[in-house]
Amino acid sequence: MNEAAPRSTRLSVLIPFAIVTLIWGSTWIVIRDQLSVVPPSWSVTYRFTVAGVTMLAWALLRGEKLGMDARGVRFAVLLGLAQFVLNFNFVYRAEQHITSGVVAVVYALLLVPNAVLARIFLGQRMGRQLIVGSAIAMAGVALLFVHEARLSPVGPQAAMLGIGIALAGVLCASVANVMQATNTAKAYPMATMLGWAMLSGAAIDAAFALATVGAPVFDARPSYAGGILYLGVLGSAVTFSIYFQLIRAIGPAKAAYTSVLIPVIAMLFSTLFEGYRWSVLAAGGAVLVVAGLVVALKARRPNR
């Protein structure tokens, strides 16, 4: 008798994977357009204000209670701080130094800290194939680091700074991912928890922006307002609710496999709209990243 297929290969998982991958693959180029006039902290504030209101409205439509006890409020604030404050402030600032496609490639390595933190805090074992695939992927990112350092118009130091900022964002995102797999997160309705996490994150973002860059700034361009709506509704409310549900269902490491194709889509957008220049080094690095993550993906039970 054949062994049942892994849960991660079922349509109930693959279809949400595809939705998250396609939407998030396109958000990197939209973020880039947000950086022309408005300070990053204010753009992040607007994005998650829209996202939080959208999530709470969805919770009301589903008949979920919007109130939470003290433990839920604390968890939502901490989740908002890790995911919607630190992570995204790092993302927006990284794109001030390197192209959106390369930032997306760095975020492909989310699989690695997700697997490590899941092992430490959730007791999920890392399979050998996952470790091998992650090592291959890190070698690919190293090639992309070298490519960016050589060709960046702002110089090697600025390029490496951008990559370092992106890596800091990856670690913050990973902390939030593992938080979503805990019993505390599962004790509350998804939409309610996410809505308050997003709004608390937006409030912290606003306080930080006010303290560091001054009064709110808004870009009058239609593309900026449209970008805020796209990032807030589709790029945040829709995708995070799907992605965090995947984390609760199959664990942080497997859920991070969505990052396999996101860099490919993002770098395609970067090539079309930002004039990203491919070289043998960059192409080789991208291939290694994708190949390494696919090796990990093919493991039957990489993280149990």
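## Nonpolar surface patch

In this predicted model, six side chains make up a nonpolar patch on the surface: Val73, Val77, Leu78, Leu81, Leu86 and Ile204. Together they present about 430 Å² of accessible area. Helix α3, residues 70–94, gives the largest share, five residues.

Valine 73 sits in helix α3. Its relative accessible area is 41%. That value falls between 20% and 50%, so the residue counts as partly exposed.

## Salt bridges

The count of salt bridges is three. Side chains of opposite charge can pair when their charged atoms come close.

Arginine 221 pairs with aspartate 33 at 3.1 Å, N to O. Arginine 221 lies in the loop between α9 (190–213) and α10 (222–250), and aspartate 33 lies in helix α1 (residues 11–33), so the bridge ties together parts 188 residues apart in sequence. Both ends are partly exposed: arginine 221 has 27% relative accessibility, and aspartate 33 has 31%.

## The network at arginine 221

Arginine 221 also forms a salt bridge with aspartate 219, with the closest N and O atoms 2.8 Å apart. Aspartate 219 has a relative accessibility of 6%, under the 20% cut-off, so it counts as buried. Shared partners join Asp33, Asp219 and Arg221 into one network.

## The glutamate 64 pair

Glutamate 64 and arginine 62 meet in a salt bridge at 2.9 Å, N to O. Is glutamate 64 buried or exposed? At 13% relative accessibility, glutamate 64 counts as buried.

How values were computed: Residues numbered from 1 in each chain as written. Predicted model: local features only at pLDDT ≥ 70, side-chain atom pairs only at ≥ 80, totals over all residues. Heavy atoms only, no water. Patch = residues over 30% accessible without salt bridge, like charges linked within 9 Å, V, L, I, M, F, W, Y side chains within 5 Å. Areas by Shrake-Rupley, 256 points an atom, 1.4 Å probe, with all protein chains shown as cover. Salt bridge = Lys/Arg side-chain N within 4 Å of Asp/Glu carboxyl O. Helix = DSSP H or I, 4+ residues; strand = E, 2+ residues; numbered from the N terminus. Buried < 20%, exposed > 50% of the residue type's maximum accessible area, 1.4 Å probe, protein only.
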